[in-house]
Amino acid sequence: MQIVLKITKSFAKHMYNKADLLMVPSKGVEDMLRVQGIKTKSKIVHLATNPEKFKPAEDKDEAKMKIGIGGTIIGFCGRIGKEKNLDTLYKAFLRLKTQYKDIQLVFVADGPEDQKKKFEKAIITGNTDPVPYLQAMDMFVLPSLTETTSLATMEAMATGLPVVVTRVGYVKEYVTNGINGSFTPKKNSVVMAEQIERLINNPELRKQFGENARKTIMKHYS
């Protein structure tokens, strides 16, 4: 297995160095390529999203009725995998569920069955259009251990959602703590629960963060 990985890495490096130009999503990725010995000229082209598609619902209650999920919705979009660290979010949710009976955890995601069955109290949609679910959510949480840019977070922000995120990849460049969202440490379900609870108890803060989140996307990542 190690030999295969070594050969694959060597081939990838060779092909990258044969290119005339590499387009990368962030400075972090550019630096990583340099460390790996890739010398090809590169240009940073940030990911962006369509704020005409990803936009707030006109009526949040109606949006929840459309997907058949009520209460306060804590959401995640992406993929169910170990690097997404959904275990920490799930533990935070279970901690809060004992006090806030109407909260729901929704994963707009799919993944291996052995991974999905660990989250029996969460609603897992499978692969589907995320827009109706984002419009129904009250907040978006990204608990990842690693990311490059996280287009899913950008889409959530464009939809006007406050976000709770880990400081990973380029995410820390467009999320501003206390302005359009908040940061939470990796693998710390206690602090994550506190950040989520703050938003549960403060609809005005959710609204403020959500409006600022959409403005961030409209200004820089449309």
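How many residues does helix α9 have, and how far does it reach from its first C-alpha to its last? In this predicted model, α9 spans residues 189-200, which makes twelve residues, and reaches 16 Å, close to the 16 Å expected at 1.5 Å a residue. Several residues of α9 are buried, namely Ser189, Met192, Ala193, Gln195, Ile196, Leu199 and Ile200. Viewed down the helix axis, the buried residues of α9 fall within an arc of 160°, so they line one face of the helix. The N-terminal end of α9 is capped by asparagine 188, with a side-chain oxygen of this residue lying 3.2 Å from the backbone nitrogen of valine 190.

Leucine 96 belongs to helix α4, which covers residues 86-97.

Turning to the strands, an open sheet is built from six of them in the order β5-β4-β3-β6-β7-β8, with parallel pairing. The edges are taken by β5 (123-124) and β8 (181-183), each of which has a single partner strand, so one side of each is left without a neighbour in the sheet.

Within this sheet, strand β3 (residues 72-77) is mostly covered, with six of its six residues buried. The cover extends to both faces of β3: Thr72, Ile74 and Phe76 are buried on one side, and Ile73, Gly75 and Cys77 are buried on the other. Strand β3 runs parallel to β4 (residues 103-108), and six bridges join the two. In this pairing, isoleucine 73 stands opposite glutamine 104 of β4. Another parallel pair in the sheet is formed by β6 (residues 139-142) and β7 (residues 163-165), which are linked over three bridges. Here valine 141 is found opposite valine 164 in β7.

The largest pocket has a volume of about 300 Å³. Its lining comprises 17 residues, and those nearest its centre are Lys60, Gly160, Leu161, Arg206 and Lys207. Helix α10 (residues 203-220) gives the most to this lining, contributing six residues.

Conventions. Residues are numbered from 1 along each chain as its sequence is written. This is a predicted model: local features need pLDDT of at least 70, side-chain atom pairs count only at pLDDT 80 or more; totals for chains, interfaces and linings use all residues. Side-chain values use heavy atoms; hydrogens and water are left out. Helices (H or I, at least four residues) and strands (E, at least two) are DSSP runs, numbered from the N terminus. The expected span of a helix is 1.5 Å times one less than its number of residues. Buried means under 20% relative accessible area, exposed over 50%, partly exposed in between (1.4 Å probe, protein chains only). The arc is that of the directions from the helix axis to the C-beta atoms. A polar contact is a pair of N or O atoms within 3.5 Å; within protein, one must be able to donate a hydrogen and the other to accept it, and residues adjacent in sequence count only if both atoms are side-chain atoms. Two strands pair if DSSP finds at least two bridges between them. On a 1 Å grid over the protein atoms alone, a cavity is a set of points where a 1.4 Å probe fits but cannot get out, and a pocket is an open set with protein on both sides within 12 Å along at least five of seven lines; lining residues have an atom within 4 Å of a point. Grid points are joined across faces, edges and corners, and a volume is the space filled by probe spheres set on the points.
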